[in-house]
Amino acid sequence: LMKLNKKTTILILGCLTIIALGLRIYNLGRSNFIEDENLMVKAAAYLYFPHEKIAPVRSFSSRLWALLLDNETVPNLFTQVYQWDFVKEAPSQIHHSRAWPQLYLMSLTYRIFGINEWSSRLISVIAGSLLIPAGYYLARSLKRPKTLSLVYAAGLALAFPLIDFSRNARMYSLFGLLFLLAINPRIWKKPVLGLLSLILAYWLHLLTLLIPTAVAVEALIKKRSKRLVWLISGLILLFAISRLERVDIFHHYFWQLKIKPDWQYFMMLLAFPWPWWLNAAIIISRFRSIFTDRNLSWLMILVLTYLVFLIFLGKMPAGGAYVYPLVPIILLFVVDCLKNQRWLLIILMIAIFARFLLGFNYLYQGRNGQAKIPQAYQIIINQFKPGEQVLGIQIRDYYLQDLAPETPITNLPEKQSLELTEFIKLKNQVAGGFMVWEVEKIAHLKPEVVSYIKNNFKHLAGENIDNNLVEIYYWPKRGIF
């Protein structure tokens with residue numbers, strides 16, 4: 001690996017960051033909001049639109065604990081956020097302060113660019129682009145050579161999963177950046193910066209708690225008795241506070257011992273940019289050298305601690321978002337393992353670039369197989385009559401803003417918890433209306449509810465009509481079909 005002077009290094013790193021920004025911002029607003037992007041936009045819109053201030057109904061103590069425990073369901077000392085109702089143009093009754101630092105940043109972009117798909121994802125794009133210099137800084141902090149650190153930064157710039165998450169209006173891109181800063185030993189030479197990174201990452205996602213957990217594991221493995229005593233003392237203090245104040249400091253609702261381990265997490269993490277077993281083979285072949293390297297061993301302990309939690313204890317359903325912060329670390333391991341094998345390192349970079357090319361259409365031409373929500377919802381807008389209602393699963397009211405503010409819009413209970421009698425009662429509250437869900441969301445409705453809808457309502461859109469992947473059914477004010 002060749003030696004580079006400081007100016008050349010800065011120039012290359014700057015170019016890589018600009019390339020990363022370009023790859024993340026291109027055609028950013030083409031795809032409509034998907035999944036929980038909708039929730040983030042509704043919550044950020046609450047911070048953007050003027051409205052009557054809702055007085056906190058909680059005590060100072062409850063708002064303090066909500067802040068300290070990152071409880072998204074109640075107001076905290078810094079903020080209270082409710083989901084915005086785009087049709088009624090007013091706050092809803094649903095409190096949603098999850099990842100509130102991201103929500104505030106999104107609301108700032110709204111003040112400049114307005115609310116749209118592009119502006120909603122801009123913070124994630126910026127955070128994903130800054131991951132490149134942050135990754136380079138981490139590699140250099142771990143005593144990796146400049147050239148190797150730049151190769152690693154190039155991998156971060158081109159990595160398909162990192163680009164994909166950077167184009168999503170959720171908090172994971174910013175969380176990944178802060179997570180990478182919070183685990184950088186050099187950052188902690190200035191404790192204020194380290195603590196700030198850790199706290200901000202925590203307010204974005206509770207998985208940040210696995211960082212201090214890994215610190216405790218490292219202290220135990222490396223027999224750092226002084227650090228271990230401090231950590232155990234802190235743990236005992238937190239346990240005492242949780243008992244005295246009756247607050248769930250340890251987030252018991254977030255974890256449980258799994259009877260069937262979620263090995264999917266292991267494969268998800270290692271599945272880039274080639275089959276998971278190849279990454280596993282590369283890392284395992286050099287596992288001893290990684291674990292004995294005083295600079296890399298901390299990261300290996302962190303990865304193992306994180307995976308043990310997700311595979312054996314984490315209560316969340318398996319999802320790539322939860323392993324996202326570890327992807328840059330795994331890529332660093334692989335690059336470092338191949339540092340003395342130039343041709344294999346070149347093949348790695350070619351594989352990363354090839355994976356990006358394979359996902360080009362997915363990233364920039366509209367996600368494969370994505371439901372076209374605006375086009376489908378336009379059917380409702382065009383055919384809607386005064387006095388009707390809209391029922392559905394995870395309705396994206398952002399795309400129904402043309403409806404009258406008084407329109408009743410109801411999101412039905414999910415996970416097949418809605419009984420047929422309850423559905424009929426909801427339907428009959430307003431004479432006439434629309435039932436809508438994305439094809440993949442049908443799993444949230446009981447079969448008897450689906451059967452009732454198909455047998456009694458008029459089918460306006462869906463797989464068998466326009467292949468738009470959004471099912472829309474209609475029943476008129478009088479009679480049934």
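Predicted model: local features only at pLDDT ≥ 70, side-chain atom pairs only at ≥ 80, totals over all residues.
Student: Let's start with H8 and H9. At what angle do they pack, and how far apart are their axes?

Tutor: Helix H8, residues 172-182, packs on helix H9, residues 191-204, at an angle of about 150°. Their axes are 8 Å apart.

Student: Is the crossing of H8 and H9 left-handed or right-handed?

Tutor: The H8 and H9 crossing is left-handed.

Student: Which residues make the contact?

Tutor: On the H8 side you have Leu174, Phe175, Leu178, Phe179, Leu181 and Ala182. H9 brings Ser197, Leu198, Leu200, Ala201 and Leu204.

Student: And how does the contact of H8 with H9 split by class?

Tutor: There are 10 nonpolar residues, 1 polar and no charged ones.

Student: OK, another pair. What's the crossing angle for H21 and H22?

Tutor: Helix H21 (residues 420-429) and helix H22 (residues 447-456) cross at roughly 40°, and their axes come within 9 Å. H21 and H22 are therefore oblique to each other.

Student: Who's touching whom between H21 and H22?

Tutor: Leu420, Phe423, Ile424 and Lys427 are the H21 side of the contact, and Glu448, Val449, Tyr452 and Ile453 are the H22 side. By class, the H21 contact with H22 counts 6 nonpolar residues, no polar ones and 2 charged.

Student: Switching to H20. Which of its residues are buried?

Tutor: Helix H20 runs over residues 373-383, and Ile373, Ala376, Tyr377, Ile379, Ile380 and Ile381 are buried there.

Student: What covers the buried residues of H20?

Tutor: Strands are part of the cover, including S3 (389-392), S5 (433-438), S6 (458-461) and S7 (470-475).

Student: Now single residues. Where does His95 sit?

Tutor: His95 is in strand S2, which spans residues 90-95. With a relative accessibility of 12%, His95 counts as buried.

Student: What does the side chain of His95 reach?

Tutor: The backbone oxygen of Glu72, at 3.1 Å. A polar atom of the His95 side chain also lies 3.5 Å from the backbone oxygen of Thr73.

Student: Beyond its neighbours within four places in sequence, what is His95 in contact with?

Tutor: Glu72, Thr73, Val74 and Pro75, plus Gln80, Val81 and Tyr82.

Student: Thr79 next. Where is that?

Tutor: Thr79 is in the loop between helix H3 (60-68) and strand S1 (82-85). Its relative accessible area is 6%, so Thr79 is buried.

Student: Which side chain does Thr79 make a polar contact with?

Tutor: Tyr104, side chain to side chain, at 2.6 Å. Not counting residues up to four places away in sequence, Thr79 touches Leu47, Trp100 and Tyr104.

Student: And Gly314, buried or exposed?

Tutor: Buried, because its relative accessibility is 1%. Gly314 is in the loop between helix H15 (297-313) and helix H16 (320-323).

Student: What's in contact with Gly314, leaving aside neighbours within four places in sequence?

Tutor: That would be Phe254, Gln256, Lys258 and Phe309.

Student: What about phi of Ala99?

Tutor: Phi of Ala99 is near 55°, which is positive in a residue other than glycine. Ala99 is in the loop between S2 and helix H4 (100-113), and at 1% relative accessibility Ala99 counts as buried.

Student: And what's phi for Lys223?

Tutor: Lys223 has a positive phi of about 55°, and it is not a glycine. Its place is the loop between helix H10 (210-221) and helix H11 (225-245).

Student: Lys223, buried or exposed?

Tutor: Exposed, at 73% relative accessibility.

Terms used: Residues numbered from 1 in each chain as written. Heavy atoms only, no water. Axes fitted to C-alpha atoms, helices over the stretch in contact; angles between N-to-C directions. Helix = DSSP H or I, 4+ residues; strand = E, 2+ residues; numbered from the N terminus. Left-handed = near helix turned anticlockwise from the far one by under 90°. Contact = heavy atoms within 4.5 Å. Nonpolar A, V, L, I, M, F, W, Y, C, P; charged D, E, K, R; others polar. Parallel < 35°, antiparallel > 145°, perpendicular 65-115°, else oblique. Buried < 20%, exposed > 50% of the residue type's maximum accessible area, 1.4 Å probe, protein only. Polar contact = N/O pair within 3.5 Å; in protein donor to acceptor, adjacent residues only side chain to side chain.
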